[in-house]
Amino acid sequence: MAASGGAYAAQLPAVPEWLNKGDNAWQLTAATLVGIQSMPGLVVLYGSIVKKKWAVNSAFMALYAYASSLLVWVLVGFRMAFGERLLPFWGKAGVALSQSYLIGRASLSATAHEGTPRTEPLYPEATLVLFQFEFAAITLVLLAGSVLGRMNIKAWMAFTPLWLIFSYTVGAFSLWGGGFLYHWGVIDYSGGYVIHLSSGVAGFTAAYWVGPRLKSDRERFSPNNILLMIAGGGLLWMGWAGFNGGAPYAANIAASVAVLNTNVSAATSLLTWTCLDVIFFSKPSVIGAVQGMMTGLVCITPGAGLVQTWAAVIMGVFAGSVPWFTMMILHKKSALLMKVDDTLAVFHTHAVAGLLGGVLTGLLATPELLEIESPVPGLRGAFYGGGARQLGKQLAGAAFVVAWNVVVTSLILLAIGLVVPLRMPDDQLMIGDDAAHGEEAYALWGDGEKFDATRHHDAARGGGGGGMMDRDGSADQRMSGMGARGVTIQL
């Protein structure tokens, strides 16, 4: 017997005629998958890939960025990125909290293009607000990777809402929400520029202004838990199905192509990076494999639903080799790259890989898939008759994103620096989590007990007393003695 009311009502308002339950279900699922990439994916990855004394601080920076972004997003951010046009690169600020707004049909009001109607997905605005929030949040979480291990947590707390408002919303509106790059025909399917290029460039800029870690931390920054690092990376990989599969705003053909291409590119890039490690360093690095996975995911993102799967293999090969070269070779030859302390090499894994993906998309995007995704008629990659024109658009779009992020990120940090120091003082950097939060990640010596080297079975090998730095140092020595390879982002 069919239900006649409640959630299963066949008439308005429970099921308006414009609602497609399949699209709505997929979009909510995709939003959840993207959310899992940040919480717990990058929280776990950051907390485990850093030195033990920074595990809590690194995880918390990601956690705080995720939470703070949501309130800013529903108060002003969403409509600045996807609302009515205010400027060619910015939407009008407004709240996304009222029932009348959130239960109506989703609409990107500024996306109408020369007679083509604006984009109106077949689900409520609340679904679109949630989905796009997850993208905004993960951008800030990725940016955090550049300043781990020394940024003043109070400065980070002030930075996240300001950067979301004045930087992220500009890139999102310009390329996705109906801004000038969107209408000009710059292709960014799911965030190669909006998310990855911007987070990589802004992270590098922030690392410059915040300053470097302690010399001892830069020289040796071994992961405190490689297995958890792999688990966090795995959540990131699997969650990318929502990242790229949700970009068409529908459970359509492009979504299927995008999810397949995403996995193919990530696997190809991981294998390419690992092979290069073996060829040049004789051993496969697990951290290198995770970085290769990451660059493959980033590189395919601007074209995931727009290229053929054989092209995804090619993009994976480039993703596993070009960032590897910039990180392992070029970095050591560049005075600027050596000077700026980008903790997790976000510049290489996101800015370089994102720009690479945008350029390759300009070459390999097919007209058939672009017709599904873009309101701008006639778009096609250079290999399909688009010529140098499309490639030029991709490079110009990247130049705008880079310039905006360098300038705005610098201004925000300089302003915050007038109120609170951007970098923790050296005496606190020597301690780490306990100085920043009064908490430590691991109670390795018991509940509140001081480490007594005379009672430890490795005392003869490790030496040292009960202080925190002695514990860290002796642990590193013991690991070195056992042949462990400490390779976190050793540039």
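These are my notebook entries on a predicted model of one protein chain.

**Overall look**

I started with confidence. The mean pLDDT of the protein chain comes out at 88, with 87% of its residues at 70 or more. I then checked residues 455-491, where the pLDDT is below 50. That stretch still has 55 contacts in the model beyond near neighbours in sequence.

Next I looked up the secondary structure: 20 helices and two strands in the protein chain. On burial, I noted that 55% of the 491 residues count as buried. The protein chain exposes about 19,700 Å², and carbon and sulfur atoms supply 66% of that area. For contacts with a separation of 6 or more, I found that 77% are between residues 24 or more positions apart.

**Cysteines**

How many disulfides does a search of the whole structure find? I got zero. Cys299 is buried, because its relative accessibility is 0% and the cut-off is under 20%. Cys275 has a relative accessible area of 46%, so I put it down as partly exposed.

**Helix H10 and what follows it**

I went to Ser269, which sits in helix H10, residues 253-281. Is Ser269 buried or exposed? Its relative accessibility is 0%, so it goes down as buried. Leaving aside neighbours within four places in sequence, I listed the contacts of Ser269 as Gly292, Thr295, Gly296, Gly316, Ala319 and Gly320.

Setting aside neighbours within four places in sequence, Phe281 touches Leu276, Trp324 and Met328.

Then I moved on to Ser282, in the loop between H10 and helix H11 (286-300). Its phi is near 75°, which I flagged as a positive value in a residue other than glycine. Ser282 is at 61% relative accessibility, so I marked it exposed; the cut-off is over 50%.

Tyr249 is in the loop between helix H9 (226-245) and H10. Its phi is positive, about 65°, although Tyr249 is not a glycine. Which way does the side of burial go for Tyr249, buried or exposed? I read 13% relative accessibility, so Tyr249 counts as buried.

Where is the cis peptide bond I noted? It joins Met39 and Pro40, and omega is about 15°. I looked up the helix as well: Pro40 belongs to helix H1, residues 21-49.

**Ser410**

My last stop was Ser410, in helix H16, which covers residues 387-417. What is Ser410 in contact with, leaving aside its neighbours within four places in sequence? I wrote down Thr205, Trp209 and Asn405.

Notes:
Residues are numbered from 1 along each chain as its sequence is written. This is a predicted model: local features need pLDDT of at least 70, side-chain atom pairs count only at pLDDT 80 or more; totals for chains, interfaces and linings use all residues. Side-chain values use heavy atoms; hydrogens and water are left out. A disulfide is a pair of cysteine sulfur atoms within 2.5 Å. Buried means under 20% relative accessible area, exposed over 50%, partly exposed in between (1.4 Å probe, protein chains only). Helices (H or I, at least four residues) and strands (E, at least two) are DSSP runs, numbered from the N terminus. Contact means heavy atoms within 4.5 Å. pLDDT is the predictor's confidence in each residue, from 0 to 100. Accessible areas come from the Shrake-Rupley method with a 1.4 Å probe; for residues, only the protein chains shown count as cover.
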